[in-house]
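Subject: Structure handover

Hello,

Please find the structure below. My notes on what was found in it follow.

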Amino acid sequence: MKHIWFSFVLSIFSTITCYGQVYISSETNVKETTTNDVISLTIAVEISGEDQVQESPIKLPDFQKFDVLDYNSEQNTIIDPVRKVRVNQMVYQFLLQPKQSGSIKIGSALVKVNGKMYKSEPFDILVRDVSKRIPDNTRNLASQNNQTYLNVKLDDHEVYKNQPVVATLSVITRDVDNFRKVKNIQTPKSGNILVQPISLTRSDIEQDSKSGLLSQIVGIYIIFPKEAGSVEVPAFTAEIVDQGATRLTSNRTNISVKHLPAGAPEDFNNFVGNFSIDMTNVESLPQPIEINKPLDIVVKLIGRGNLSAHNMPKIIPTEDYDVFPPKLVKNLKVEKEGIVGDIEAHYVIVPKKAGNIAIKTEKMAFFNPEKKLYKDLGEKSIVIRAMTSLEIENAKSTMQKVNEYTNTVLDKVNTPVLQTETLKLSENKGMNWQVIFGNLALIGAMGMVIYLVRNRYQKKKLASIIKEEQLKSRPKITTIEETEALLRSKSSLNLTSHFNYLENLLIQKKYSEFFTEFANLEAEVDAKSNQKFGHPYAHHLKQTNENVYQKYTLLKDSLNTEKYSPIINGEKLDYILVQSKEVFSAIEN
């Protein structure tokens, strides 16, 4: 086998065993292989409905007859638009190398949901021993080529049209020397996507402690899907340069590109992300402006997403002024959030008539995928006051004319340099003791007055402090309502301390304690919600904030998935903690 890929296929739910709303299946990419090859095993689980609760981790088949070279997982929660139910999908993928030849059985994967045990059907794969038939030099070459792979992993498989997706390209091999031989990486070419590099810096080489497999990130890219539907990302390619070139090809991945919601404004410019637009007179010319003289107007588009000058709003030409094609100044960088920065379009505007002139841009709207709504920025405009040169001159005051004339004279006429003389004090050959003693007496009297005034002020301040302390020490009489409010304030929910403790548990990788503390947090939030609103927190959100309620339910599904996963993913728990801060903070609003 020449290529083994990590492909997270969420559409393989052609299950062997299914009960009700739970589906589980396992499948390999081949049914026949050799002891020199590596196979990919994919276990897929789908749980539909809010009443279906996973009660156990996924129990994996017995891998004693295989070497487990790598493991990865993908979890996705969606709302089925037809059945109107929540669907939780989990995909676990393994790279396996057979230890022996013959017929090897891959057993069932098990999961317990609502008290029932669900399993996939076991199956056999045929493994042939080819090591005895391959000469040593040929086997070494095959080992070098077959065990160096390109792997592409997407951070998201379901996005909107023109919403960025981050792709991480890695080299996986057994021989550390192969990393420096991988050259000439080529990005895929397709009319359905736009691929741009974020970083081509190679990461540190990491080694799997169990399999000894080495991996290194060789590039991070951002992909913009241009069409809705199932969009295939073609393979990345590279070469192993070593007395010739061996071509490597990565796995092909798919992106489920959602259609943008209906109801887009008429001035929607296909921008997806978060943007703002501004319009300024960069020269800050004073008003009024003389007609037939050019001025520089700047239209500035700021944001992150599929930021491009292609659909950038332009200045609308009118009969009041002439407008010339702009000069574009781009300050952009590619990050994981998309293209970030600003684009400045510098226009030259020449007023053609006197009076107030409005300079306007085209309208603009964009779609925000985080809030899942359109935002209409409308048009931007500035108003300039244009006058003829004679009108500008007549409008000046007498003082302005005098100042301009004076400035002109100072700029053009050379003024003489005035001669100065140094003044010297004559020597005083004696000392006037009478004056000296008089000054000392005056200084002493002033010091005495300052001392008396300051002493009096300090006494008054001390008396005021004593009086305040006496008032504080007296028992304060409160009403029953005030006492209850005081008790409620003292028992307020401290979300920050919970979140800090949960972060520390994740840093220390104490995952079981993390799940326990998260349950304590949910219990305190529910207690606070019952006290404040008379309902549990989920019930309160469902009545008042449907958007946050959906996030809350998805958050609990993700938490339960990780809690019962066979291998806990710390990065996903970090993401869950970030989402919980947003969800639970709504109780304080």
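I begin with a proline in a loop. Pro-325 sits in the loop that links β25 (321–323) and β26 (327–335). The strand and helix names come from DSSP runs, numbered from the N terminus: helices are H or I runs of at least four residues, and strands are E runs of at least two. Pro-325 has a relative accessibility of 71%, so Pro-325 counts as exposed. Here buried means under 20% relative accessible area, exposed means over 50%, and partly exposed is in between, with a 1.4 Å probe and protein chains only. Between the C-alpha atoms of Pro-325 and Tyr-347 there is 6.5 Å, although the two are 22 residues apart along the chain.

Before going on, note that this is a predicted model: local features need pLDDT of at least 70, side-chain atom pairs count only at pLDDT 80 or more, and totals for chains, interfaces and linings use all residues. Residues are numbered from 1 along each chain as its sequence is written, and side-chain values use heavy atoms, with hydrogens and water left out.

Thr-253 belongs to strand β21 (residues 253–258). Is Thr-253 buried or exposed? With 6% relative accessibility, Thr-253 counts as buried. Leaving aside residues up to four places away in sequence, Thr-253 touches Val-152, Leu-154, Val-231, Glu-232 and Val-233; contact means heavy atoms within 4.5 Å.

An open sheet of three strands has the order β3-β10-β7, with mixed pairing; two strands pair if DSSP finds at least two bridges between them. Its edge strands, β3 (32–34) and β7 (102–106), each pair on one side only. From one strand to the next, the twist averages 35 degrees. β3 and strand β10 (residues 123–128) run parallel and are joined by three bridges. Opposite Thr-34 stands Arg-128 in β10.

Another open sheet of three strands has the order β23-β31-β28, and its pairing is also mixed. β23 (289–290) and β28 (355–360) are at the edges with a single partner strand each, so one side of each has no neighbour in the sheet. β23 runs parallel to strand β31 (residues 381–387), and two bridges join them. Glu-290 has Met-387 in β31 as its bridge partner.

Last, the helices. Two packed helices are described by the angle between their axes and the distance between the axes. Axes are lines fitted to C-alpha atoms, for helices over the stretch in contact, and angles run from 0 to 180 degrees between N-to-C directions.

Helix α9 (residues 537–544) packs on helix α10 (residues 546–563) at about 140 degrees, with the axes 6 Å apart. α9 and α10 are therefore oblique to each other; angles under 35 degrees count as roughly parallel, over 145 as roughly antiparallel, 65 to 115 as roughly perpendicular and the rest as oblique. On the α9 side the contact is made by Tyr-537, Ala-538, Leu-541, Lys-542 and Thr-544, and on the α10 side by Glu-546, Val-548, Tyr-549 and Tyr-552.

How do α8 and α10 lie? The axes of helix α8 (residues 511–533) and α10 come within 11 Å and cross at roughly 155 degrees. α8 and α10 are therefore roughly antiparallel to each other. α8 contributes Phe-514, Phe-515, Phe-518 and Glu-522 to the contact, while α10 contributes Tyr-552, Leu-555, Lys-556, Leu-559, Glu-562 and Lys-563.

Regards
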